[in-house]
Amino acid sequence: MTVLIVGGDYIASLKQKITAHGYARIEHWNGRKKGFNKRALPGRTELVVIIYDYVSHNLANSVKDQASRIGIPMIFCRRSLYEIDTIFDEKKAEESCCNFV
């Protein structure tokens, strides 16, 4: 399973947290260059994490539009390990809740 992280510069600890939640491959776009606005999402991407305090509005909107068209789930967060853990825990609880229905 592949995760695309958009934004942020130093994300080693963030990668470790996401890997601990079962995602094997992680790709990172720091978004510092203009060319990132025109990039297509990588194939096999199953989740997009946008670190919104380190990314431009144009890049965030471009990635959001692409992911919405394809149907890829997105997470918007600050560069906070606690926030990432909370979001993933809520997502797991939501998935397990729906499996019983």
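This report describes the fold, the surface and several individual residues of one predicted protein chain.

## Basis of the model

The model is predicted, so local features are given only where pLDDT is at least 70 and side-chain atom pairs only at pLDDT 80 or more, whereas totals for chains, interfaces and linings use all residues. Residues are numbered from 1 along each chain as its sequence is written, and side-chain values use heavy atoms, with hydrogens and water left out.

## Overall fold

The chain contains three helices and four strands. Read from the N terminus, these elements follow the order β-α-β-β-α-β-α. The radius of gyration is 13 Å, close to the 13 Å that the globule rule gives for 101 residues, so the chain is as compact as a globular protein of that length. Helices (H or I, at least four residues) and strands (E, at least two) are DSSP runs, numbered from the N terminus. The radius of gyration is taken over C-alpha atoms, and the globule rule is 2.2 Å times the number of residues to the power 0.38.

Along its principal axes, the C-alpha trace spans about 45 × 30 × 20 Å. Of the contacts between residues at least 6 apart in sequence, 61% join residues at least 24 apart; a contact means heavy atoms within 4.5 Å.

## Surface and charge

Buried residues account for 38% of the 101 residues in the chain. Here buried means under 20% relative accessible area, exposed means over 50%, and partly exposed lies in between (1.4 Å probe, protein chains only). The accessible surface of the chain comes to about 6500 Å², and 51% of this area belongs to carbon and sulfur atoms. Accessible areas come from the Shrake-Rupley method with a 1.4 Å probe; for residues, only the protein chains shown count as cover.

## The aromatic pair

The structure holds one aromatic pair. The ring centres of W29 and F36 are 6.0 Å apart and the ring planes stand at 40°, so the pair is tilted. Rings of Phe, Tyr and Trp (its six-membered ring) pair if their centres lie within 6.5 Å; planes under 30 degrees apart count as stacked, over 60 as edge-to-face and the rest as tilted. Both W29 and F36 are buried.

I26 belongs to strand β2, which covers residues 25-29. Not counting residues up to four places away in sequence, I26 touches V3, I5, K15, I18 and T19. I26 and T45 are 19 residues apart in sequence, and their C-alpha atoms are 9.1 Å apart in space.

K34 is found in the loop between β2 and β3. With a relative accessible area of 76%, K34 is exposed. The C-alpha atoms of K34 and C77 are 22 Å apart, and the two residues are 43 apart in sequence. R44 is also in the loop between β2 and β3, where β3 covers 45-51. R44 counts as exposed, at 76% relative accessibility. Most residues other than glycine have a negative phi. R44 has a positive phi of about 70° although it is not a glycine.

## Helix α2

Q66 lies in helix α2, which covers residues 57-70. At 12% relative accessibility, Q66 counts as buried. Leaving aside neighbours within four places in sequence, Q66 is in contact with R39, A40 and L41.

A67 is found in helix α2 as well, and A67 is buried, with a relative accessible area of 0%. Apart from neighbours within four places in sequence, A67 is in contact with L41, V48, I72 and M74. A67 and L41 are 26 residues apart along the chain, with 7.7 Å between their C-alpha atoms.

## Strand β4

F76 has its place in strand β4, residues 74-77. F76 is partly exposed, its relative accessible area being 37%. Neighbours within four places in sequence aside, F76 is in contact with I50, Y52, K64, E83 and I87. F76 and I87 are eleven residues apart in sequence and 9.4 Å apart in space, C-alpha to C-alpha.
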